[in-house]
Amino acid sequence: MRFSILGPLRVRDGDGREVRLSPKLAGIVAALLCARGAPVADERLIDVLWEGDPPRSAQKSLQVYVHHLRQALGGPSTVARGPGGYSIERSDGDLDADRFADLVDQGRRALGEGGAEPAAALFREALGLWQGPALSGIDTLPVVRDEAARLNELRWTCTEELMGAELDRGRHAEVVAELTALVYEHPFRERLRAWLMLALHRSGRSAEALEVYRAGRGLLVEQLGTEPGRELRELEQGVLRDDPSLAAPAPGRSAARPASGASAALPLPLPAQLPPDLPDFTGREHALERIHAHLADAEPVPVVAVSGMGGVGKTALALRAAHALADDHPDGRLYVDLRGAEAEPLDPAQALSNLLHALGVDGAGVPDSLDARSALFRSMVAGRKVLLVLDGAASEAQVRPLLPGAPGATVLVTGRPRLTGLDGALLVDLEVFTPEQAVDLLGRIAGRERVGREPAAAERIAELCGYAPLAVRIAGARLAGRPEWRLDRMVRLLEDERRRLDELAAGDRAVRASLALSHRALGEGAKRAFRLLGALEVPDFPEWAVAALMAVPTDKAQGYIEQLVDARLLSIAEGPCGALRYRMHDLIRLYARELGESDEPEQERREALRRAFGGWLWLAEQATEYIPGPCYATLHGQALRWPLPAQEASEALAEPMLWFDAEWQAMAAAVQQAGALGMHEAAWDLAGCLEKYFDVRGRFDDWRRTHESAISACRAAGDRLGEAVLRRGLADLTTWASPQGPGEAMSGMRSEAQSVLEMFRDLGETRGVADALVMRTWGQVSRGEASAAHVSAEEALRIAEEADYLGGRARAYHVMAIAAYEDGRMEDAVACLEKALELARLLGNSRFEATAMQFLGAAQALSGRVETGRYHLVRSLDMARAMGDRYAEVFSLMYLTRLYIALGDPEALPTVDKAIALSRRHGINHHLADSLGLAGEIHLAAGRTGEAIAALEESVRLWRTRGWSSFLAGVLETLAGAYEADGHHAAADRARREAEELQIPAQGAQGAQGAQEAF
């Protein structure tokens, strides 16, 4: 067996075939491999399998899992049982991490012997084994996480040593670009920054080297409040005086090396999104020569725009050129389908969101406006060798925001129109094939020997196809699927005008005629599948979607799908969970839709779509129950459900999160289409099912977009239940993850909650009423209305108890604690949070459990139970990090900071700095405002009044957009003290007066002050 852990876990047998493992079995393998040969005790494996919450049958279940693992790996001897536990049998060289370590050791030995060149080669070979972060996807599991972190640090250390070896070789000019990218991704790595300065200096670019130092110093001072280290400072001085010791070392000698040992995050996996190159690509030699010549000479950002009629091969040409250029663009290959031929092309803002996600920006880290997204994208690719393919552009206006602005990137654009408005772009207009090229393509698809036996018939087929590549490809596919046919039979079919639409060579109609030929070769069932798929406006789909459209069993639909794939009317893609998915090219979809509109009654098309939407809804409402997230009442409408057979459903939903990963884009598109067609219940129910997934994955843009679309459909139809359900979730999103801007988010929460409350009351939906009351309580608390908030929270609890609504009770206790805290009743707050935590565990909702735990820890610390509070805060921080929940992580960091401040612990500043950095990165402005206020307190206490004022002023600006009076007043009081200490007495008076005017209830202020003193 061969094991790969330098990236996602992979297991291959002796023949190189991948052994597919369930998530549980993968966790066991990872834990055993991470032990590096030592046995792993049962207790540790149980911890891996159930992450600290094992069932009573855990020991027996572990034995069952080990049995299945042995079967998967080839027999009982593959997993041995010894006195200390289980171990996995493997030989030297079976584990890629061992090969990596061996190569690194060889590189270090070579370097120690003065062999920089072989050392660099060995380091690069070692790094080439990596396919992403170690054990990615399971690196948060107990036992696994520490080893994954160790391996990742080794990878980073190797990267540093590689750069040092390259400098020793005198390749300073060659590594400037690579070091620039590394420093950009890791700006606080002083060792890398020093090497970049050294490489620039040795390349005769000393001014740039000094600018790299100044930029690094500015970051360190501004964000960390510290000066660069001695090594970097001395290097700056050496560059300034052109110190001879900084010159490149003579051959055979090694340069002095900076000390290693500092840790850093690894670069994100580089995007490699190019679809596969066509193995039977034909012709276009001249076009490829022009493209490569232009890209070699053009500056600063070369752009090629390929245009032509539908089906002429624009995408095929762009991908052939892109794959040829891939090695010249080591920093990533990005691909976006702009859907220019569809009725609604992809919005540039959404395209930028997809690109930013591919580059590692997630959730609220994606800016709101198009201009801001474009600016962030350009910043992230500046100076990096990135290849960008923009496929199917509708216009120059769609493309311009997506173009990089600095040298290093290369852009290939395709589109039907000639994009003459793209300044400096090479315009490549594609025409149909020459006769020779068309015959060549036919031979590649149908078989060269076959075409060679009937050359005249082959030429006639090419002629009847109008030499259009797509038409030739479809004709070849039909022949390949009918090996018993002679080519002259296909000629007779094409010459019959009743079987071939006229004027195959007449511009755009050539593509339509070619598609018609392929369509007519299909069986009746496949034809109907094709027509109905044309009505479904989703980017991709699973097999069952065709079954739902046609109201047939999935195995029957599979036969139709195979026919469509054979005719190249569908393409195959693999989804995140390994299941096959299918895509229909935009030109083919337009043609299929045209046929459907002429041949399928409108009502039948609508019912087909209703069934497809119902399939997604039936699966989604089951999958969403296993996604941790807000404890809202699960409320559904009366939209049609299309149940799948039990076995198919079980396979599809084996991993609910992965299922959503595969389906969310199709579901989001279905929400839009269902709403546009007046199917409002399907639209809002699908959108509601996506809520928790979007929350956990941080896809706030998509959450907002689907909800707003479905709400519009509900309003148009007068569907108040759907509107209320979606406004409930959208209010949370808008309040807690809204971008910075004018207005008061918490006041918005209060008013929106009141509207939703009235809607749920009118509908008689008591669980929704409880949810809305909790929302309203948050808004009241934020305005200092502690008494009203307490009444509202008690009403929410009473209604939830009457409705036997466990999640509503948990949320009510949670917000009741917040109201008690604001009112100075700390012990009541602790009691409520203990109850909320107990209910969260009964719910089995790990996300809300972490939330309740972090609030409980904060309250306990504030009430004087410092160690208990610290325990809960640290535990909640671990849980948040394990789930990838940045919002909860920042909250825990903030309250740990408060604890450290009260205890005089020097960890306060680095902890709050982490909170600030995470808040900025993910756009969590509520927590950013709070964290900045804490940073201001720390700086003020240390006498750094300038830094205190800067942090506090930004905090005040943010709190004005949030609308939480007590927090704003508290920061204003601190800011007044900072102004006073800095000698700005008038500004101090103004800040103090504003704080007093906010009229915080005296009891709450005194209670909170008393709690602070109790630390």
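Reader: What is the relative accessibility of Arg870, and how is that value read?

Author: Buried means under 20% relative accessible area, exposed means over 50%, and partly exposed lies in between (1.4 Å probe, protein chains only). At 23% relative accessibility, Arg870 counts as partly exposed, whereas Glu867, at 54%, counts as exposed. This is a predicted model, in which local features need pLDDT of at least 70, side-chain atom pairs count only at pLDDT 80 or more, and totals for chains, interfaces and linings use all residues. Residues are numbered from 1 along each chain as its sequence is written, and side-chain values use heavy atoms, with hydrogens and water left out.

Reader: Which interaction joins Glu867 and Arg870?

Author: Side chains of opposite charge can pair when their charged atoms come close. A salt bridge is a side-chain nitrogen of Lys or Arg within 4 Å of a carboxyl oxygen of Asp or Glu. Glu867 and Arg870 form one, at 3.5 Å from N to O. The two residues are separated by about one helical turn, because they stand 3 residues apart in helix α38 (residues 866-883). Helices here are DSSP runs of H or I, at least four residues in length, numbered from the N terminus.

Reader: Are Asp930 and Arg898 buried or exposed?

Author: Both Asp930 and Arg898 are buried. Their salt bridge has its closest N and O atoms 2.7 Å apart. The pair links distant parts of the chain, 32 residues apart: Asp930 lies in helix α41 (residues 925-941) and Arg898 in helix α39 (residues 886-903).

Reader: How many salt bridges are counted by this rule?

Author: The count comes to 58. A network of salt bridges links Arg124, Glu166, Arg169, Arg171 and Glu178.
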